[in-house]
Amino acid sequence: EARDPTMHFVDKLAEIEARYEELTAQLSDAGVFADPQRYQKTAKSHAELREVVEKYREWKELKKSLDETKALHEDSSSDAEMKALAQEEMTGLTQKIELVEAELKILLLPRDPNDEKNVVLEIRAGTGGDEATLFAQELFRMYSRYAEAQRWRVEVLSTSVSGIGGLKEVIALVEGHKVYSKLKYESGVHRVQRVPETEQQGRIHTSAVTVAVLPEADEVDVEIDPKDIRIDTFCSSGPGGQSVNTTYSAVRITHLPTGMVVSCQDEKSQIKNRAKAMRVLRSRLYEVRLQEQQKQLTGARRSMIGTGYRSEKIRTYNFPQNRVTDHRIGLTLHQLDRVMDGKLDEVVEALIAYYEAENLKQAAVTA
């Protein structure tokens, strides 16, 4: 016997509400409170369900109002004026219920557990020599401006400067509300087309910069065994190789099982550099684990996630035509100057809407 899909939808929401109430009770349990790691996990799960539960409760209230109004409309003792008012109210309530149901369907999509996280942003100059390092610097400025508008905090963890003042590489931590949810589609190859200042003939050059956005891993996500790392200290060096300071404050951490190396030398203090390097290492190890999980997913599902593999050319910035094109969603804007100034909302929102629509389609196929 076929089940009404609305009933399945309501059953799922009722289960989520019951789970939310269970977690609410656990948060006031002395045993949970006494175990910081367990409390942190419980609070995180509770926060993840709050938005769905609040929306579901709003839906239940609207349904209750609709039932009461229907009863009034069908009541034989109601006069014509009362029936007309009830009819009008029923129409308004039905429209509100449809809107809330559409919002609930998006909220019920499998959530990316990393959406709430801060990110480690890594930008590296690729092909194109000095011109690529200048563009890497401009991209970092673009993301910094965007972060400022979102009220996020950007902390540079390490930089490598080119001879002409561009950036060979920059690694920064971006902290704030739902950073990963907005920046996760930025990973990949960003291509620039323009006439370099050094070019005498006025020919357009193409260079590329690689961006990686890693969700920052908590200690709960990735535990690193102290036996698995080697820590070396050295003197920080500035541009041109001159020593910035003579104390051994720069830190290089090698993760022995994977051979991964992270260096940090931006702080004067060895302890601070070590803490920053550990944050980057933890996030890189977490990303490796995420990629392994994604490889196990079916091809169709993986393409929906929009993983932004590093080798993927995702966007072209054409300066002569003031044009920016996102190749994944076919979006072209003739306002490159605004985008480079950090006004990324239109691009970010279009990407989120596209991937949400793809996920809804996928959910309908697998339902």
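Predicted model: local features only at pLDDT ≥ 70, side-chain atom pairs only at ≥ 80, totals over all residues.
The largest nonpolar core holds 36 residues, of which Leu121, Ile123, Met142, Tyr143, Leu183 and Tyr317 touch the most other members. Two or more residues each are given to this core by strand E1 (119-125), H5, strand E3 (167-175), helix H6 (179-183), strand E5 (205-215), strand E11 (331-333), helix H9 (336-340) and helix H10 (345-366). The largest share, eight residues, comes from H5. Apart from this core lies another, of 22 residues, among them Ala212, Cys264, Met278 and Leu281. For Met142, the residues touched, not counting those up to four places away in sequence, are Tyr317, Val339, Met340, Gly342 and Leu344.

Seven aromatic pairs are found in a search of the whole structure. In one of them, the ring centres of Phe135 and Tyr317 are 5.2 Å apart and the planes stand at 65°, so the pair is edge-to-face. Because Phe135 lies in helix H5 and Tyr317 in strand E9, this pair ties together parts that are 182 residues apart in sequence. Phe135 and Tyr317 are both buried. The rings of Tyr185 and Tyr355, by contrast, have centres 4.4 Å apart and planes at 15°, so that pair is stacked. Tyr185 is placed in the loop between H6 and strand E4 (188-194) and Tyr355 in helix H10, so parts 170 residues apart in sequence are tied together by the pair. Tyr185 and Tyr355 are likewise buried.

Phe135 and Tyr317 also form one aromatic cluster with Phe319, and over the ring of Phe319 sits the charged end of Arg194, 4.6 Å from the ring centre. A further charged end, that of Arg252, sits over the ring of Phe234 at 4.5 Å from its centre.

Most residues other than glycine have a negative phi. Arg151, although not a glycine, has a positive phi of about 65°, and this residue is found in the loop between helix H5 (129-149) and strand E2 (153-161). With 77% relative accessibility, Arg151 counts as exposed. Asn322, in the loop between strand E9 (313-318) and strand E10 (323-326), has a positive phi near 50° and is partly exposed, with a relative accessible area of 27%.

Definitions and conventions:
Residues numbered from 1 in each chain as written. Heavy atoms only, no water. Helix = DSSP H or I, 4+ residues; strand = E, 2+ residues; numbered from the N terminus. Buried < 20%, exposed > 50% of the residue type's maximum accessible area, 1.4 Å probe, protein only. Core = buried A, V, L, I, M, F, W, Y, C linked by side-chain atoms within 4.5 Å. Contact = heavy atoms within 4.5 Å. Phe/Tyr/Trp six-rings, centres within 6.5 Å; stacked < 30°, edge-to-face > 60°. Lys NZ or Arg CZ within 6 Å of the ring centre and 35° of its normal.
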